[in-house]
Each structure stands twice: as structure tokens, then as C-alpha cells.
Amino acid sequence: MTKLIVEIYTDGACSGNPGPGGWGAVLRWNGHEKELSGGEPDTTNNRMEMMAAIKGLEELKKPSRVEIYTDSKYLQDGVMKWLAGWKAKGWKTAAKKPVKNKDLWLELDELLKKHDVTFHWVKGHDGHPENERADALATGAIRFV
């Protein structure tokens, strides 16, 4: 059985870092689209980047093949380069310090087990239509926190 292919475009924003922040995600599948956004009153840009991916993945009702597009190297590298090592080292970095945002990495790790996910980096604020939409959702959500 072929898995549903879903594209998720994500972005996070913060007014101050830390400060009030927002996240946005645009989901696209089978000719459909859905926009998601939310925010927190005291957060960081990295946490909002992660929340966009988490909330996008949480929206999926069944195991899917997912292409996540992000302008966050922190998010992409965290999943593709660092996550396995952090887990193997008991959630410590190479410098033997606790991993920042462990709570969100744990959430994301559980969601990644349910889907076949590939992360793609796109240059932010460079005219990529879906990244610009995700950015507008993220920055707009800040007003409501």
C-alpha cells in the first residue's frame, strides 16, 4: 500500500529571543492544503521552528511519507545529524552538556517514528512561496500570545 505523500512547510518566529513567539505550517496533500499556527508568550525561535514541525506532524491521521521544508538548520541538522547521537549519549551534546529543548526533541522523535520523514532546507526570506506563507503564519501568531 502506498503511503500518502504530504508536504509540510514550516517556520518559527520570535519577537526577541527569548520573547513572544509564533509558529506556522502549511500542509499540502492530494490537492488539499491546510494552514496551522500558534504561539507562546515566552519562547525562543528554535522552539517555534520545532513546534511548527511537531504540530504539522501531529495533524496527520495515518502513517505518511512526509517532506518537511524548513529554513531552520537547527531543526534539519537536529533531526538528520544530531538526534541519534543525543539519544545514544543519554541526551548529552558532544560537549557533554544537556541537549537544549529536550522536551520538544522527545516529542518530535516520537512523531518521526510514525512516518517516513525527509527534511529539506530552504533559504528563508528568499521568495519561496510556501516558506513565506509559513513565515506570515508564524509572525501573525505572535499577536495573539
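**Overall build**

The chain has 145 residues, and because a compact globule of that length would have a radius of gyration near 15 Å, the chain's value of 15 Å agrees with that expectation; the radius is taken over C-alpha atoms, and the globule rule is 2.2 Å times the number of residues to the power 0.38. This is a predicted model, in which local features need pLDDT of at least 70 and side-chain atom pairs count only at pLDDT 80 or more, while totals for chains, interfaces and linings use all residues. Residues are numbered from 1 along each chain as its sequence is written, and side-chain values use heavy atoms, with hydrogens and water left out.

- The C-alpha trace spans about 45 × 45 × 25 Å along its principal axes.
- Of the 145 residues, 46% count as buried, meaning under 20% relative accessible area, with exposed being over 50% and partly exposed in between (1.4 Å probe, protein chains only).
- The secondary structure comes to 4 helices and 5 strands, where helices (H or I, at least four residues) and strands (E, at least two) are DSSP runs numbered from the N terminus.
- From the N terminus on, the order of these elements is β-β-β-α-β-α-α-β-α.

**Strand β4 and its partners**

- Strand β4, residues 64-70, is mostly covered, since 6 of its 7 residues are buried.
- Strand β1 (residues 4-14) pairs with β4 in the parallel sense over 6 bridges, two strands being paired if DSSP finds at least two bridges between them.
- Within the pairing of β1 and β4, Leu 4 has Ser 64 as its bridge partner.
- Strand β5 (residues 116-121) also runs parallel to β4 and is joined to it by 6 bridges, with Glu 67 standing opposite Thr 118 in β5.

**Helix α4**

- Helix α4 (residues 129-142) has 14 residues and reaches 21 Å from its first C-alpha to its last, close to the 20 Å expected at 1.5 Å a residue; the expected span is 1.5 Å times one less than the number of residues.
- The buried residues of α4 include Ala 134, Leu 137 and Ile 142, and what covers the buried residues of this helix includes β1, β2 and β3.

**Asp 71**

- Asp 71 lies in the loop between β4 and α2.
- Asp 71 is buried yet has no salt bridge, the nearest side chain of opposite charge being Lys 73, 11 Å away; a salt bridge is a side-chain nitrogen of Lys or Arg within 4 Å of a carboxyl oxygen of Asp or Glu.

How values were computed:
Contact = heavy atoms within 4.5 Å. Lys, Arg positive; Asp, Glu negative; His and termini not counted.
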